[in-house]
Structure formats: C-alpha cells, structure tokens
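Have the sequence and the 3D view open side by side as you read.

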Amino acid sequence: MTEDQQSDINHRIEALRSEHRALDDELQNLAHDPLTDDLQMQRLKKRKLFLKDSINHLESKLLPDMRA
C-alpha cells in the first residue's frame, strides 16, 4: 500500500470518527428529551454502529498481514 493510500484511509477514518462522535453527542442529547422518537434513536444507533464497523474495517487495512 502506498503512502498516499494510507493517508487517504487515515483521512477517511478521521472523518468517520468525527461523524461517530457527533452521533454520540446527538444520541446523548436525545436521551434527555422525553419527546424523542424511538425510531429516530434506533436509526441513529444503527448509523453509529455502521460507522464503528467501517472504522474497524479501514483500520484493519492499515495493519500488515500477519499470516505472511
């Protein structure tokens, strides 16, 4: 993997982490609102989980193959 590719992956990871933190903040704010829509909360939680999985997938691409 070239340095440019690694840099691109690192930038993507940071963007995903930023969105993940923003969703975390939004979920915490909604948890204190008694009028919160449960369906909206579920969608945000699923999006947050998707982001976490995407981050883990990209991070695994940066690790060398240990089987080699």
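## A partly exposed phenylalanine

A residue counts as buried under 20% relative accessible area, as exposed over 50%, and as partly exposed in between. Keep in mind that this is a predicted model. Now look at F50, which sits in helix 2. Its relative accessibility is 46%, so F50 counts as partly exposed.

How far apart are F50 and L16 in sequence and in space? In sequence, 34 residues separate F50 from L16, while in space their C-alpha atoms are 9.8 Å apart.

## How the two helices pack

Helix 1 and helix 2 pack with their axes 9 Å apart, at an angle of about 155°. Because of that angle, helix 1 is roughly antiparallel to helix 2. The crossing of helix 1 past helix 2 is left-handed.

Which classes of residue make up this contact? Between helix 1 and helix 2 there are 13 nonpolar, five polar and 11 charged residues.

## The nonpolar core

The largest nonpolar core is made of 11 residues: I9, I13, L16, L23, L27, L30, M41, L44, L51, I55 and L58. Two elements each give two or more residues to this core, namely helix 1 (3–31) and helix 2 (38–62). Helix 1 supplies the largest share, six residues.

For a closer look, pick out I55, one of the core residues. Leaving aside residues up to four places away in sequence, I55 touches I13, L16 and R17.

Terms used:
Residues numbered from 1 in each chain as written. Predicted model: local features only at pLDDT ≥ 70, side-chain atom pairs only at ≥ 80, totals over all residues. Heavy atoms only, no water. Core = buried A, V, L, I, M, F, W, Y, C linked by side-chain atoms within 4.5 Å. Buried < 20%, exposed > 50% of the residue type's maximum accessible area, 1.4 Å probe, protein only. Helix = DSSP H or I, 4+ residues; strand = E, 2+ residues; numbered from the N terminus. Contact = heavy atoms within 4.5 Å. Axes fitted to C-alpha atoms, helices over the stretch in contact; angles between N-to-C directions. Parallel < 35°, antiparallel > 145°, perpendicular 65-115°, else oblique. Left-handed = near helix turned anticlockwise from the far one by under 90°. Nonpolar A, V, L, I, M, F, W, Y, C, P; charged D, E, K, R; others polar.
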